[in-house]
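Please walk through this model with me, from the way its chains meet down to single residues.

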Amino acid sequence: MADVGIVSYGAHIPRFRIKSSEIAHAWGKDPEIIAGGLGIIEKSVPSPDQDVATISVEAARAAISRSNINPQDVGAIYVGSESHPYAVKPTGTIVGEAIGATPVIKVADYEFACKAGTAAIQTCMALVKSDMIRYGIAIGADTSQAAPGDPLEYAASAGGAAFIIGKENVIANINNTCSYTTDTPDFWRREGRKYPSHGGRFTGAPAYFKHITNNAKNLMELQNTKPEDYNFAVFHQPNGKFPMKVAKMIGFTTEQVKQGLLCPIIGNTYSGATMIGLASILDVAKPGDRIFVTSYGSGAGSDAFDITVTDKIKDLQVHNAPLVSQLIESKEYIDYSTYAQFRDLLYED
Amino acid sequence: MVREVAIIGIGLTKFGELWDKSFRNLISEAGAKAIIDSGISGSEIDALYIGSMSGGRFVGQEHVGALVADSAGFAHMHIPSIRVESACASGGLAIRQGYLSVASGLNDIVVVGGVEKMTDVVGTEATDILATGLDQEWEAFFGATFSGEYAMIATRHMYDFNTTREQIAQVAVKNHANGALNPYSQFKRPITLEQVMKAPIAAYPLGMLDCSPVSDGAAAVILCAAEKAKNYTDKPVKIIGSGQASDTLSLHGRDNICTFESTKYAAKMAYEQAKINPNDIDVAEVHDCFTIAEILAIEDLGFVNKGDGGKAIDEKITTIDGNIPVNTSGGLKAKGHPVGATGVSQIAEIVMQLRGDADKRQIKDAKIGLTHNVGAGGASCIVHILGAM
Amino acid sequence: MTDGAVPRFWREIPQRYNLIANQCGVCNKVYFPPRESCPYCRRKSMGKMVQKKLSGKGTILTYTIIYIPPDHFIGQVPYPLAIIQLDEGPKVTAQIVDAKIDDIKIGMKVKATFRKIHEDGYIGAIHYGYKFKPAEVNL
């Protein structure tokens, strides 16, 4: 599957941060134990005027600005999230208007917990490869909510990334992709409810680990590769511990995972997590670098990608938009009461 | 103008939170007082002109012209009743329209009233209704408020001219001192500079005491062809100049945020008609919806140079004892600001001054007075000049 | 109960999302929001107004910090509001974001960003549009 790949990319992480110690204090928990157990120091918080639409627009505009693409040549936009601003009325159309890609364009919103964005990448790949569109934009973004006092509160954060998929001036070839999907109820949110529910420890072995390890194995079999063949690996990151553990289980090293592992300092951006991790890797990758990407979405499924960076990455005007490291560094801390106000925690479900 | 016009009677309700009085009560009371003051019987009235900003949103009532004609007991006379609107300059506009109808010979005697009943809605709703005078699409939509717009003028005025926060605040102190002498005013106690400076912030740098209040009230005057005025009263006052001007709806559309061109053009029209200069004015009622608005007004009306408004306050030029007393009634700030009534009540205050009836607020030998009524953030302005007959 | 009023705000999406202005084909003056004709060139400009997308870059001319907001903005105070002179000429009124209140100054260079302006309660439409952030490099 040569020819199709990433032509440009962009990310957005809201500025505000809350430390996990601040949340722990609010709930009378020991901050050391929380930080140690979850591996999360602080997470990003959207301001009241930010949501998945605004984050997606920032990421998409960043991706467009780094390339020479005419927005009118974008043939499709798919936005994956579990916190779309509307249950009915797509985020994708708002992004389409905001980047000037409308009206001749295919749009839909995706949901598959944290892997909705990578599913969008697969769709764009197929549309490009079949010549149905010239460029497609796949976005994964979230401003996910966790119930106050629930352990998820330390992780649920906000952010997103956009990838422009095409055949021309590809900066990173997507050599292959595969997915592993079962009906596994590890984490869900019912229609109309504000906060998700989860199966506690059930979210581990039968969910996250099973789907990622099996999918990764399948992809490497298809591609006839081993972990050592890759320069970078990025996994879905619901906390700071799981990705390290699964990397080890598959055979990847800390060195390979480091660049894409952002959860400890921005939390779990859900549909944005794997994708922002990939963006962070592309920010530093060199031509010829090979990247292994495996996302995970509860419910449950995993999408994996085998990517090789091309020479064209040098032509990308990457400094037309902030690097992931710059987005991470640009921050302002808030306390729990401001966080409660921002995240609308004071209203009943 | 074809012929001169005089004011032969005035009437005012108290201004304030008047829970017991409805919109209809207020305008009827003011109208009745004006008719009694003028000596006419009522059957001479040719038409009614009413200024009211938003009967629709404050009391759910449009068709205000008809409502007032009925409440005031004129429905059976079937005379024309015209309601005009120009945001906070609705009252001044009603005066001008009534004036033009008499000056042109169309009418001999008209009643001009201004009324607003602002306390039948909650405070936040009143603020939103007032903001309908701003540009709804391009200012209010993005989070602008009335106080926010004037606060931005204050920020820039301080930057351009070194006007100080204390000078701006001093306007409120002066006007409350005057208001304490006015039996009709909403606030009758003087305030200190410290109180103004420490009041909770509405929109930085303006605090709650920099802002005129939400008020109920009404005012009315009787206009009569000057040649017939002495048939009814021995203390008529002539309208010797009338001017009106418009400007961009949004504050950001102006060339210069610290100048209200609408004031300058309306004033120019009035000064030219009256054949006088700004320094011929003995007393003025200007539109101090916010403290900074009075500073702009005395500059744009030509009482002081542009940028010297703050200094003028320091030098006490505009106090009752000063060279050009401004807002002897207490202004919108202390007298109250029932929006549609304001422009008409300003006329009533100047009439009292020129008749010698202003009691403790009286300016000695006042012969020529000016009223200045502005719509929202300066998108419209009406200026009148009155002279003792 | 919602505001309704959806078409009224929908019409202005090109302006609010992308700062689409227009320019007089005769005197070149730029207008935002766009005008049917140029107030100065009048009938000579009719049919000659040309669409123009603004860069979003501008300078703060004046500002305030709103503490008492309109109904729709309760819960957001205090927020900075400014009049901004865009590089191409027109001026707009908009909120300033991503800046410390003490850092906001007349003359500060800013650039437009995409944010929620307000939502019509919990069940009504969400309206997006421009706010401005400090024009530091890249962010």
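Predicted model: local features only at pLDDT ≥ 70, side-chain atom pairs only at ≥ 80, totals over all residues.

Residues are numbered from 1 along each chain as its sequence is written, while chains are lettered from A and ligands numbered from 1 in the order in which they are written.

Start with the chains. Two residues are in contact if their C-beta atoms, placed from the backbone, lie within 7 Å. Of the 2 pairs of chains in contact, chains B and C share the most contacts. Chain A and chain B have no contact with each other. Their closest C-alpha atoms are 12 Å apart.

Look at chains B and C. Chain C brings 24 residues to the contact, and chain B brings 29. On the chain C side, the elements that give two or more residues are strands E4 (57-66), E5 (79-86) and E6 (91-95). Helices (H or I, at least four residues) and strands (E, at least two) are DSSP runs, numbered from the N terminus. E4(C) supplies the largest share of this side, 6 residues. By class, the side of chain C that touches chain B has 17 nonpolar, 4 polar and 3 charged residues. Here Ala, Val, Leu, Ile, Met, Phe, Trp, Tyr, Cys and Pro count as nonpolar, Asp, Glu, Lys and Arg as charged, and the others, Gly among them, as polar.

Chain A meets chain C through 19 of its own residues and 14 of chain C. Helices H3 (52-66) and H4 (91-98) of chain A are the elements that give two or more residues to the chain A side. H3(A) gives the most, with 4 residues. This side of chain A divides into 8 nonpolar, 6 polar and 5 charged residues.

Now turn to helix H7 (residues 242-250) of chain A. Which of its residues are buried? They are Phe242(A), Pro243(A), Val246(A) and Ala247(A). They lie on the same side of H7(A), because they cover an arc of only 130° around the axis. The arc is that of the directions from the helix axis to the C-beta atoms. An α-helix has 3.6 residues a turn, so residues three or four places apart point the same way. Lys248(A) and Met249(A) are exposed, on the face of H7(A) turned away from its buried side. A residue is buried if 20 or more other C-beta atoms lie within 10 Å of its own, exposed if 12 or fewer, and partly exposed in between; C-beta atoms are placed from the backbone.

What covers the buried residues of H7(A)? The cover includes helix H6 (204-223), strand E11 (232-235) and helix H8 (254-258) of chain A. After H7(A) comes Gly251(A), with a positive phi near 120°.

Follow H6(A) across H7(A). Their axes come within 10 Å and cross at roughly 40°. That angle makes H6(A) oblique to H7(A). Axes are lines fitted to C-alpha atoms, for helices over the stretch in contact, and angles run from 0 to 180 degrees between N-to-C directions. Angles under 35 degrees count as roughly parallel, over 145 as roughly antiparallel, 65 to 115 as roughly perpendicular and the rest as oblique. From H6(A), Tyr208(A), Phe209(A), Ile212(A), Thr213(A) and Ala216(A) meet Phe242(A), Val246(A), Met249(A) and Ile250(A) of H7(A). By class, the residues of this contact are 8 nonpolar, 1 polar and no charged.

Finally, check the backbone. Most residues other than glycine have a negative phi, and most peptide bonds are trans. Asp131(A) is not a glycine, yet its phi is positive, about 60°. Asp131(A) sits in the loop between helix H5 (116-129) and strand E6 (135-143) of chain A. Asp131(A) is exposed, with 8 other C-beta atoms within 10 Å. In chain B, His78(B) has a positive phi of about 55° and is not a glycine either. His78(B) lies in the loop between helix H3 (64-71) and strand E3 (81-84) of chain B.

Chain C has cis peptide bonds. One joins Phe32(C) and Pro33(C), with omega about 0°. Pro33(C) is in the loop between strands E2 (30-31) and E3 (49-53) of chain C. Another joins Val77(C) and Pro78(C), again with omega about 0°. Pro78(C) is in the loop between E4 and E5 of chain C.
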